[in-house]
Amino acid sequence: MKPGSIAVLVGLAALVGCQKAPTVTGATVTVGDLSIQDGVAWGLASSRSSTVGFRVSVATADTLVGVESPDGLATMHTTANGQMVRLATLPVAGGATEVLGGGGAHIMLTDATHGFAAGDSVRIVLQWVRSGRVAFSVPLKNYSDASGLLDR
């Protein structure tokens, strides 16, 4: 069995068994052919909200259908005509890389369960149609430290 196949089987077992998703600490995670890189959250450390962005690549098309966080209320948004618009799904074409971040699709974390300080991590769980639940942590940066990160 290929090494990537084991990760896909683990992800499917977690989804089918309704168990918690395995948590990968850090800003990069790979499950099967799904790869998430450059994950970062930015906001005011004193506030209870932040924006989460990352690059996601897949060899076979997949769709992000849900986000959650044990650290607060996580929702998907995009920016259209200068306004934030809530997203129900985010398709990613096979062989493509989608950038979530400033000026486009992103994840908002609001109503944080606790205050954050720069350098803390924000935990995110993504629900994909094909790849299942993928949990990971991203470092929190202050707005001033994150200027230009994942901008389009």
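Guide: A term to start with: a salt bridge is a side-chain nitrogen of Lys or Arg within 4 Å of a carboxyl oxygen of Asp or Glu. Keep in mind that this is a predicted model.

Visitor: How many salt bridges does the structure hold?
Guide: It holds 4. One of them joins the side chains of Asp71 and Arg123, at 2.6 Å from N to O. That pair links distant parts of the chain, 52 residues apart. Asp71 sits in the loop between E5 and strand E6, and Arg123 in strand E11.

Visitor: Is Asp71 buried or exposed?
Guide: Asp71 counts as buried, at 1% relative accessibility. Arg123 is partly exposed, at 38%.

Visitor: What does Asp33 form a salt bridge with?
Guide: With Arg130, the closest N and O atoms being 2.7 Å apart. Asp33 lies in the loop between E2 and E3, and Arg130 in the loop between E11 and E12, so the pair ties together parts that are 97 residues apart in sequence.

Visitor: New topic. How many residues of strand E4 are buried?
Guide: 7 of its 8, so E4 is mostly covered, where buried means under 20% relative accessible area.

Visitor: Which strands does E4 pair with?
Guide: Among them is E3, antiparallel, over 6 bridges. There, Ser35 stands opposite Ser57 in E4. E10 also pairs with E4 in the antiparallel sense, over 3 bridges. Val52 stands opposite Ile107 in E10.

Visitor: And how many bridges with E9?
Guide: 4, again antiparallel. Val56 stands opposite Glu98 in E9.

Technical notes
Residues are numbered from 1 along each chain as its sequence is written. This is a predicted model: local features need pLDDT of at least 70, side-chain atom pairs count only at pLDDT 80 or more; totals for chains, interfaces and linings use all residues. Side-chain values use heavy atoms; hydrogens and water are left out. Buried means under 20% relative accessible area, exposed over 50%, partly exposed in between (1.4 Å probe, protein chains only). Helices (H or I, at least four residues) and strands (E, at least two) are DSSP runs, numbered from the N terminus. Two strands pair if DSSP finds at least two bridges between them.
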